[in-house]
Amino acid sequence: CISNSFWDFSHGRISVVYMENINSLYETWQKQRYLFCFLAVLLSALLAAILYYAMKKIYAPVSNIAHELRTPLTAVLGYSQYIQLGNISAEDIDFASRQIDMQARYMNELIENLLIMANLRDGKIEMKQLDTKQFSAEIKRFFPFVSVENQGGSLFGDQTLLISLLRNLISNTCRNGSNIQLKISKNQMVIFNPDDKMEENMLEILNKNRAVPKDKIYGKGLGVPLCFEIVKIHHGTLQYQNVPTGGMEITVRLD
């Protein structure tokens, strides 16, 4: 409804009121409203998807840590209650004590991995040229049974992170045999265990850094993502492969 008025000396004030067809304007508004509703729904769906995958990414490591801790904690509680019964032999007490010590050491390594991951997130790393002899001696201190061979060359990276990387890799593979060889050359480390072998689907999971299934998570739930994170910081690659003649080889290349 449109109204106009004007003044006329002979007739006084004159007002003119008339109706105009605004169907086209109404239809435009309707289309805009539907468009805004569609965009709002699309934006809500997009934000919901982003939030879902973000929470899933946060939940996965937490779930892995929970599964990593459940087994050693259950073992510690079980053996401690077994000792408290009192009516057991000295041999059984010694066995239970060694199991508690082993599981406590495992949990300590898990906590160390968590602290290292926190340092990675905070950017607390120191890249430098490393002395391979000193580096090899440090590995031998943790794993005296590993045969370490220096093939010349040097390593460039953060020593703490690289030692943590090898500790995780060797700890995982030595569960299937301790006859392990480590070869260090120029910006490359190769771990070979003739007694270890992995299923093809598990190799694919590890090489693509995908989430480890819960039934196979023990010892790999937190260590594997940490290893890939360390390799990524060093702009390198990490590859697991079964050797045709027997055994498994883990190759770390640093750039």
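Close-up 1. Leu-42 sits in helix α1, which covers residues 23-84; helices here are DSSP runs of H or I with at least four residues, strands are runs of E with at least two, and both are numbered from the N terminus. This is a predicted model, in which local features need pLDDT of at least 70 and side-chain atom pairs count only at pLDDT 80 or more, while totals for chains, interfaces and linings use all residues. Residues are numbered from 1 along each chain as its sequence is written, and side-chain values use heavy atoms, with hydrogens and water left out. Together with Leu-35, Phe-36, Phe-38 and Leu-39, Leu-42 makes a nonpolar surface patch of about 530 Å². Such a patch takes residues with over 30% relative accessible area and no salt bridge, joining nonpolar side chains (Val, Leu, Ile, Met, Phe, Trp, Tyr) within 5 Å and like charges within 9 Å. Areas come from the Shrake-Rupley method with a 1.4 Å probe, and for residues only the protein chains shown count as cover. Leu-42 is partly exposed because its relative accessibility is 49% (buried is under 20%, exposed over 50%, partly exposed in between).

**Close-up 2. The buried face of helix α5.** In helix α5 (residues 200-207), the buried residues are Met-202, Leu-203, Ile-205 and Leu-206. Looking down the axis of α5, these fall within an arc of 160°, so they line one face of the helix. The arc is taken from the directions between the helix axis and the C-beta atoms.

Close-up 3. A salt bridge means a side-chain nitrogen of Lys or Arg within 4 Å of a carboxyl oxygen of Asp or Glu; the whole structure has 2. Asp-94 and Arg-98 are about one helical turn apart because 4 residues separate them in α2 (residues 90-122). Asp-94 is partly exposed at 43%, as is Arg-98 at 47%.

Close-up 4. Glu-138 and Arg-141 form a salt bridge, with 2.8 Å between the closest N and O atoms. Both belong to helix α3 (residues 132-142), 3 residues or about one turn apart. Arg-141 is exposed at 55%, whereas Glu-138 is partly exposed at 23%.

Close-up 5. Most residues other than glycine have a negative phi. Asn-187, however, has a positive phi near 50°; this buried residue, at 19%, is in the loop between β6 (181-185) and β7 (188-193). His-235 has a positive phi near 55° and is found in the loop between α6 (223-233) and β8 (237-242), where His-235 is exposed at 59%.

Technical notes
Buried means under 20% relative accessible area, exposed over 50%, partly exposed in between (1.4 Å probe, protein chains only).
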